[in-house]
Structures are given as structure tokens and as C-alpha cells.
Amino acid sequence: MTPTALPPIPPERLGALLAAMPKAELHIHIEGSLEPEMTFALAARNGIALPWASVQALRDAYAFTDLQSFLDLYYQGAGVLQKEEDFYDLARAYLARAALDNVVRAEIFFDPQTHTARGVPIEAVTRGLARACADAQREHGISAALILSFLRHLSERQAFETLEAALPLREHFIGVGLDSSELGHPPEKFQRVFARCRELGLHVVAHAGEEGPPAYIWQALDLLRAERIDHGVQAVHDARLMQRLAAERIPLTVCPLSNQKLQVFPDLRQHNLKVLLDAGLAATTNSDDPAYFGGYLNDNLTQVFAATGMTARHAWQLASNSFEASFASAGEKARWQERLAETFERYAA
Ligand code: ADE
Ligand code: ZN
């Protein structure tokens with residue numbers, strides 16, 4: 001199906017269609033799916049004292065002024081993850097929740113350095129997450145894969161050490177990413193380690209243009225050879241970059257509620273997802289850190305559609321882009337595109 005051949009969708013059915021349509025989530029940090037209730041449960045299980053008096057007190061602390069103010073709390077929260085079983089439970093909970101949103105494919109970031117710095121073995125992190133992915137496929141029919149993300153506030157040497165430690169676990173992840181504090185840590189800092197990852201046959205993606213300038217997106221493309229840009233919303237400030245992203249169909253994994261909560265677009269009505277799509281970019285919608293930003297994937301879709309007046313054509317484009325941009329097999333992608341077309345037929349007038 002093409003956008004021009006889309007059946008007409010009655011506007012009152014758009015909300016239900018957004019929820020029902022099959023979709024891929026390509027930008028989710030598993031540590032960012034740690035709900036406050038689970039933080040407390042894991043702290044009790046692992047005998048860890050928390051600085052918050054209650055689940056509500058922790059939730060009340062989720063008032064962020066920028067990316068760094070969020071990351072400080074996110075790394076602190078991740079401290080309750082200690083054992084392989086903790087990582088397993090975390091990912092099982094996310095994947096069960098994602099399946100309710102009709103997510104058929106999830107490509108999940110994990111930050112091993114956040115855990116190895118506390119003495120948690122990388123094997124416990126990776127094996128727990130990988131086992132959850134395999135079990136979720138059996139239980140929910142959801143296809144899931146892991147992307148190992150390097151922390152950009154650390155050095156390239158530490159990224160190389162992490163890659164080295166992860167290589168015996170190579171079968172459990174499909175690619176690498178770059179996340180954490182963006183400003184002051186440009187992609188060029190990681191040029192050599194990304195080159196090595198590409199030689200190893202890993203997919204490569206990078207956060208760029210979340211808070212950082214368009215120059216960081218150029219670097220991610222030209223120096224890291226990123227196959228997708230995570231966030232990328234600052235591209236709108238550079239017309240030549242916009243043309244390139246559109247011409248090369250380089251996917252952007254956009255996260256509306258994240259951008260709102262981290263004050264990139266404090267008012268969701270100002271969000272530029274519709275602008276990116278209308279300029280022909282392969283934008284997708286994602287939840288980033290759903291436990292911290294107040295919504296999973298369908299909440300992101302519902303709220304950004306309501307705020308910016310997007311239509312059924314945009315909905316189809318986002319879901320179709322999510323499959324096109326995924327690292328799944330051609331056979332899986334074709335099957336999901338067919339299911340997407342069937343869903344639109346079902347909701348047509
Ligand atoms: N790690 C988790 N969420 C992130 C985000 N939105 N940007 C950068 N690093 C992150
Ligand atoms: Zn992110």
C-alpha cells in the first residue's frame with residue numbers, strides 16, 4: 001500500500017487506529033522502562049536502601065529541566081538492577097507492556113557501562129535481557145533485539161573496553177548505539193570504536209540532535225556512519241541536512257513525550273514531528289524512557305497527534321517507516337507491512 005492508495009479513515013476512528021496498528025519501537029532504553037514500583041520491589045529484593053520515602057515520592061522527583069537532570073535520576077534508579085533475574089524481569093515487563101500497544105518489533109538499548117561500573121557482570125546484564133527477548137517472542141509473538149549503547153560522557157577507551165568485554169556475548173545484540181549527555185560529547189569522540197563495530201558487522205546508530213546542534217547529526221552520519229539517528233529533531237535548523245536526511249531516507253527515531261519532559265519542546269503543540277514527516281523524512285515515533293516520561297508508545301502517538309493535528313496518512317507513514325527503519329529481516333518487514341495495510345482496511349469508512 002502507498003500513502004496515495006490509503007483508504008479514507010473517519011476522523012473519530014483515528015485514535016483507535018493509532019492504538020491498533022502494528023508498529024516497531026526502535027528507541028527504548030530498557031533502564032528507562034524501570035517503573036517506580038519495580039524500583040522499590042528490586043531494592044527490597046536486593047537489600048538496597050533508597051533515598052525516596054515512597055513510590056509517590058520517587059514519581060514526584062520526575063520534574064526535569066533538561067537531559068542531564070533526567071540522566072542523574074535515571075542512573076541513580078538503575079542502581080537497583082543487580083542480578084541477571086532483575087534484568088530479565090525488567091525486559092519482560094517492558095515487552096509485555098509493548099505488546100499491549102501492538103508493538104510487533106522492539107529494538108532495545110541497554111547501557112552495560114551503567115552496571116559494570118557498579119560491579120555487575122556484563123554477562124548478567126546481557127543474558128538476562130536476551131532471555132527475556134526470547135521468552136517474549138514465544139509468549140507475545142513480539143520480535144525483540146538488543147542494541148548495546150556506549151555512554152558518551154565516558155571515554156572512547158572505555159567504549160573499546162566495553163566492546164571487548166561484550167564480544168563473547170556477540171550473538172545477543174545486533175548493534176551499537178551512543179547515548180547519555182550529548183552537549184560537549186560530539187560523535188567524533190567515538191569515530192574509531194564505531195569503525196571497529198562496523199568491521200564486526202554490527203549495526204550502528206547514535207543519539208544526535210536531541211539537545212545538540214545539527215553539526216552532531218552530520219558527524220553521526222559522516223564519521224560514525226550511523227544507519228539511524230536517535231532523536232534528530234534539531235535537524236530542522238539546517239536546510240541542507242534536512243534535504244540529505246530525506247534524500248537518503250535516513251530514519252529518525254523521534255520521542256515526543258521525552259522531548260516534552262526534557263524541555264526540548266515544552267509545549268507538545270510546538271513539536272516538529274509533523275514537519276519532519278511532511279518534509280519527507282523517515283521519522284518514527286518511540287518512547288525513549290517510558291517510565292520517566294509518562295507514557296509508552298501509544299501514549300506518545302495519541303498525545304502528539306492530538307497536539308499537532310496529524311492525520312491517518314501520518315499514522316500510516318509513521319508505522320510504515322518504523323518497519324522500513326528496523327533491522328528485522330525482509331520477510332518480517334513484508335509481513336508487518338501487510339498487517340498494517342489490513343488494519344487500515346479494517347478502520348476505513
Ligand atoms: N539515555 C536514556 N535516555 C536518553 C536520552 N533521551 N538521551 C540520551 N541518553 C539517554
Ligand atoms: Zn534515547
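What share of the 349 residues of the protein chain counts as buried? The figure is 60%, where buried means under 20% relative accessible area with a 1.4 Å probe, counting protein chains only.

This is a predicted model: local features need pLDDT of at least 70, side-chain atom pairs count only at pLDDT 80 or more, and totals for chains, interfaces and linings use all residues. Residues are numbered from 1 along each chain as its sequence is written, chains are lettered from A and ligands numbered from 1 in the order written, and side-chain values use heavy atoms, without hydrogens and water.

**Whole chain**

Show the protein chain as a cartoon. It has 17 helices and eight strands (DSSP runs: H or I of at least four residues for helices, E of at least two for strands). Its C-alpha atoms fill a box of roughly 55 × 40 × 40 Å along the principal axes.

**Zinc site**

Now select the zinc ion (ligand 2). Its protein donors are His27 (NE2), His29 (NE2), His207 (NE2) and Asp288 (OD), at 2.0 to 2.3 Å. Donors are N, O and S atoms within 2.8 Å of the metal (3.2 Å for Na, K and Ca); water is not among the atoms, so sites may look incomplete.

Pick out the donor residues along the sequence. Their spacing is H-x1-H-x177-H-x80-D. Histidine 27 sits in strand β1 (residues 23-29) and histidine 207 in strand β5 (residues 203-208), so this pair ties together parts 180 residues apart in sequence. Select those two side chains: both histidine 27 and histidine 207 are buried.

Terms used. Buried < 20%, exposed > 50% of the residue type's maximum accessible area, 1.4 Å probe, protein only.
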